[in-house]
Amino acid sequence: FCLCWANENWTRRWDGDEHEILLKQEYNIDDDRNHMKHLCSAFRDPRYIRIDGKPVFSVYRTMLLPNIRKTVETWRETARKEGIGEIYLCRMESISQKIDPVSIGFDAAIEFQPDLESLQARNWGSLFKRALNKVKIKRSPFLKNMVYEYSEVVKNMIAKSPTNYKLYPGITPGWDNSARRQEGALIFNNSTPELYESWLNNIVKSFRPFSTDENFIFINAWNEWAEGNHLEPCKRWGTSYLEATKRVVEIYNSNNA
């Protein structure tokens, strides 16, 4: 296991937005120091994921920190003083600005899926459904929410240009956060284990690890039910997503035996 800090405000909509804040995220150097001291208790666990002996720690939205370079400097210094040694820092890349992680003192970036900036070809629904919505007979979920076909999402993500810095690839089996909002939801329509498997298989074939230890693919998520992305078995798909993941991993392992 390794930890990722979801450093957003705790809001009623669960999206870190500035509206309806329940608990605001405050930042200062003393908190950075105490935060790292607390993290070191997890870093000492022999099960913790390491790269070249360095515990891996990720930050969801680095650009929210007012002085990220100073924070990183404080974290690294504190980890050394606590006897941990060097740490391996990653930043999640999606709604955050896409930059070379090294430029702010990080070691690598992680592709968070869904990558909102790479979405194209929004589904607006049929002409009939749009007409019903216009005359106020039946509200269209396609107009009130952002709906994309999962098959098109897969195509767009596979076609993305590579970066010139360390970016670990990401993937999601689906997405639908309409459980959290009455409108304005992001929905991936018609996702299936087969489409997910083809996407994952493409990632595994195209990704070139940066080193023996730097060989990760990040799947979002195990059980994020409120956002409609889960590998965990369900009534509709059973264990199909887990089986698809296993097949791709087994093919990779057999090809690299």
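Predicted model: local features only at pLDDT ≥ 70, side-chain atom pairs only at ≥ 80, totals over all residues.
Reader: Why is Thr 71 called buried?

Author: Thr 71 has a relative accessible area of 3%, and because buried means under 20% relative accessible area, Thr 71 is counted as buried. Thr 71 lies in helix H2, and, not counting residues up to four places away in sequence, Thr 71 touches Asp 32 and Leu 65.

Reader: What makes the span of H2 agree with what a helix of 14 residues should have?

Author: At 1.5 Å a residue, the 14 residues of H2 should span 20 Å, where the expected span is 1.5 Å times one less than the number of residues. The end C-alpha atoms of H2 are 20 Å apart, and therefore the two values agree. Just after H2, Gly 83 takes a positive phi of about 85 degrees.

Reader: How do you know that the span of helix H1 agrees as well?

Author: The reasoning takes the same form. Helix H1 covers residues 29–43, and at 1.5 Å a residue its 15 residues should span 21 Å, whereas its end C-alpha atoms are 20 Å apart, which is taken as agreement.

Reader: Which residues of H1 are buried, and how do you know that they line one face of the helix?

Author: In H1, the buried residues are Asp 32, His 35, Met 36, Leu 39, Cys 40, Ala 42 and Phe 43. Seen down the axis of H1, these buried residues fall within an arc of 150 degrees, so they line one face of the helix. The face turned away from that buried side carries Asp 30 and His 38, which are exposed. What covers the buried residues of H1 includes strand S1 (3–5), strand S4 (50–51), strand S5 (54–59) and helix H2 (68–81).

Reader: Why is Ile 21 called partly exposed?

Author: Ile 21 has a relative accessibility of 32%, and because partly exposed is the range between the buried limit of 20% and the exposed limit of 50%, Ile 21 counts as partly exposed. The place of Ile 21 is in strand S3, residues 21–23, and, leaving aside neighbours within four places in sequence, Ile 21 is in contact with Asn 9, Trp 10 and Thr 11. Ile 21 and Glu 77 are 56 residues apart in sequence, and their C-alpha atoms are 32 Å apart in space.

Reader: Why is Ala 121 called exposed, and why is Asn 190 called partly exposed?

Author: Ala 121 has 53% relative accessibility, and because exposed means over 50%, Ala 121 counts as exposed. Asn 190 has a relative accessible area of 49%, and so Asn 190 is partly exposed. Ala 121 has a positive phi of about 55 degrees although it is not a glycine, and Asn 190, likewise not a glycine, has a positive phi of about 60 degrees. Ala 121 is found in the loop between strand S7 and helix H3, while Asn 190 lies in the loop between strand S11 (186–189) and helix H6.

Reader: What makes up the lining of the second largest pocket?

Author: The second largest pocket, with a volume of about 520 Å³, is lined by 22 residues, of which Ser 161, Pro 162, Leu 167, Pro 169 and Ser 206 lie nearest its centre. Helix H5 (150–158), strand S9 (167–168) and helix H6 (193–206) each supply at least two residues of that lining, and H6 gives the most, with 4 residues. By class, the lining has 11 nonpolar, 6 polar and 5 charged residues.

How values were computed. Residues numbered from 1 in each chain as written. Heavy atoms only, no water. 1 Å grid on protein atoms, 1.4 Å probe; cavity = no way out; pocket = protein on both sides within 12 Å on 5 of 7 lines; lining within 4 Å. Points joined across faces, edges and corners; volume = space filled by probe spheres on them. Nonpolar A, V, L, I, M, F, W, Y, C, P; charged D, E, K, R; others polar. Buried < 20%, exposed > 50% of the residue type's maximum accessible area, 1.4 Å probe, protein only. Arc of directions from axis to C-beta. Contact = heavy atoms within 4.5 Å.
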